Amino acid sequence: MQTSPALAAPPLMSHRQILFVIFGLMAGMFLSALDQTIVGTSMRTIADDLDGMALQAWVTTAYLIVSCISTPIYGKLSDIFGRRPLFLIAITIFLIGSLLAGLANSMYELAIFRAIQGLGAGGLMALPLTIMGDMLAPRERAKYQGYFLAVFGVSSVIGPLIGGVLSGSDTILEITGWRWVFLINLPIGIIALAIVLKFLHVPHFARPVRIDWWGAVTVILAAAPLLLVAEQGRTWGWGSIPSIACYVIGLFSIAAFILAERLMGDDALIPLKLFRSSTFRMATILGVFVGFGMFGAMMTVPLYLQLVNGATPTESGFLMLPMIAGLMISSIVSGQLIARTGRYKVFPTIGTAFMSAGFLLFTFATADKPVGFMMAGMLLIGLGLGQLMQTLTIASQNSVGPRDIGVATSAATFFRQIGGTLGTAVLFSVLFTRIPDTIGAAFDNPTIVSGVRDAATDPAVQADPANTGILALLANPGSVGGALDGDTSFLNTADPRLAEPFLVGFNGASVTVFWVSLAVVLVAFVLSFFLTAPPLRNTSALQEAADENAAELTAQAELTRDAQRAADRMGALVEPGIDVDEFEREARTQPR
């Protein structure tokens, strides 16, 4: 009996080699994950120094858009040219962008250099999970992906702390403190580059393909304007001419992208055949909803902690520890269970249930609740996210063949980022739209108004310089509704009675945001029951690709031998494998 190639072939990579590769991948992912959190707490200092507070949104938007749209491009190119060169290119581009950002002299320059960083970050976030999908069988993959989520968690905790320390320093080594927020990437990136150069040697089996240039162009034209209007629509106005232009360009480009992908077939940037799999299709939809809830929570909760609970940006980073702890615990536990059983269908359902419970708890938030109340909700959300992030990626990878691991992983990451961007834009739009109404409602509360009146007429309160700003604000009732649109530091130093209506108003607007998040996650909870979950494969994508490649070579060799035997038997005039046209041309030139 003939043994199947999958069983007979020896492993392509030893356990020791796999561990060294994982160290390199974690270093690269840490570089990108840290950059996302370290810049947030420093942006206000940067904007003040470069005199561009009104332009700070463009710095964030440039990074987000470029990193998002480059993700599927990295996935496809890595399928064609191999994972290692693309990962090295991503790290190099990111380091170049970091150096330039550290030398920026204006917010416009910083926005351009952050876009360069984003071009590298798209590969740093997508390719590690893709390479993991190559090296490890789906059942084994879940155990290791917990380490990557740990990297994400650690960076989320130390990023705000490092950002606060660096931006709070006037100079470090005679360089302005905030510039080190970007320059610190250089030593970390060089270490990551060295590890990847030495240890990341993943076999690549080349195959003839067409490069989907039209797909790359149309996905950029489709995603960029829609992400741009999602980020800037609240400022521009959702019905403004720039917003309408973005809608039209984006929708037209989506249609062009679908047409281009249909024409390219298997060589498409995001092959449409992927969506024929009900597992991939549902995992992608769930990823959009989960991204909406995840980014919504990670963007709005720190703001709530700073405004309502009075935490500093650095303190709010530490207060997010329950979410990070829950994420790490649930990812490790679910990973071990998936590795042992090979089954994962239950985790998206349990994960979305935990997230729903966390957002439901948030809807009961009040301005006078202790910070521990919010931390309990964050723990529930983290426990849910840990079960969802790796499970949905594994489901997407398990639903495709070994040659499509790259595009499947990058497509899943791309759509999750789209969901996260929409979540951030929609939830912040809801938040700042509701704030004037909820602050107005707080001033209609007789108890609150009585406290404000008593404080405003107290000579000691009037004499305290910390209350000057808020008293001037209260003296102009027309500006009260927009009091939280700019500098909100006055809330942390003002008399609690004066600050109460603003805190209550912001809490009320935040509760509306939590209700929206809850509704979105509940939809994901219902959809999770429709996720089909085929048993996970026991063979890695690299091994499957090697087996397929060996089988093709064997088949070609057998065909050649059969042709040779037939030629010997029939007395063919031309040896097998000879170009007949060339043979005839040579025959015509011979003298008769």
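What volume does the largest cavity have? I looked this up first, and the largest cavity comes to about 60 Å³.

**Entry: the model.** I noted that this is a predicted model, where local features need pLDDT of at least 70, side-chain atom pairs count only at pLDDT 80 or more, and totals for chains, interfaces and linings use all residues. Residues are numbered from 1 along each chain as its sequence is written, and side-chain values use heavy atoms, with hydrogens and water left out.

**Entry: the chain.** I found 24 helices and two strands in the chain; helices (H or I, at least four residues) and strands (E, at least two) are DSSP runs, numbered from the N terminus. Of the 592 residues, 50% are buried, where buried means under 20% relative accessible area with a 1.4 Å probe, protein chains only. I also looked at contacts (heavy atoms within 4.5 Å). Among those between residues at least 6 apart in sequence, 82% join residues at least 24 apart.

**Entry: cavities.** Rolling a probe the size of a water molecule over the atoms shows where empty space is left. On a 1 Å grid over the protein atoms alone, a cavity is a set of points where a 1.4 Å probe fits but cannot get out, and a pocket is an open set with protein on both sides within 12 Å along at least five of seven lines; lining residues have an atom within 4 Å of a point. Points are joined across faces, edges and corners, and a volume is the space filled by probe spheres set on them.

I found two cavities of 30 Å³ or more. Ala 283, Thr 284, Gly 287, Leu 392, Thr 393, Ser 396, Ala 412 and Arg 416 line the largest cavity. At least two of its lining residues come from each of α12 (278–307), α16 (371–398) and α17 (405–443). I sorted this lining into three nonpolar, four polar and one charged residues. In this sorting Ala, Val, Leu, Ile, Met, Phe, Trp, Tyr, Cys and Pro count as nonpolar, Asp, Glu, Lys and Arg as charged, and the others, Gly among them, as polar.

The second largest cavity holds about 40 Å³. Its lining is Thr 300, Tyr 304, Leu 431, Phe 506, Ser 510, Val 513 and Phe 514. Two or more of these residues come from each of α12 and α22 (496–528). The most, four residues, come from α22. By class I noted five nonpolar, two polar and no charged residues.

**Entry: a pocket.** The second largest pocket has a volume of about 430 Å³. I noted 15 lining residues, with Leu 226, Ile 254, Phe 414, Phe 415 and Ile 418 nearest the centre. The lining has 15 nonpolar residues, with no polar and no charged ones. α10 (213–236), α11 (241–264) and α17 each give at least two residues, and α10 has the largest share, five residues.

**Entry: two helices.** Which residues of α18 meet α22? I listed Ile 448, Gly 451, Val 452, Asp 454, Ala 455 and Ala 456 in α18, against Arg 497, Leu 498, Glu 500, Pro 501 and Val 504 in α22. This contact has seven nonpolar, one polar and three charged residues.

**Entry: Ser 331.** Is Ser 331 buried or exposed? Ser 331 counts as buried because its relative accessibility is 0%. I placed Ser 331 in helix α14 (residues 321–341). Its side chain reaches the backbone oxygen of Met 328 at 2.9 Å.

Definitions and conventions: Polar contact = N/O pair within 3.5 Å; in protein donor to acceptor, adjacent residues only side chain to side chain.
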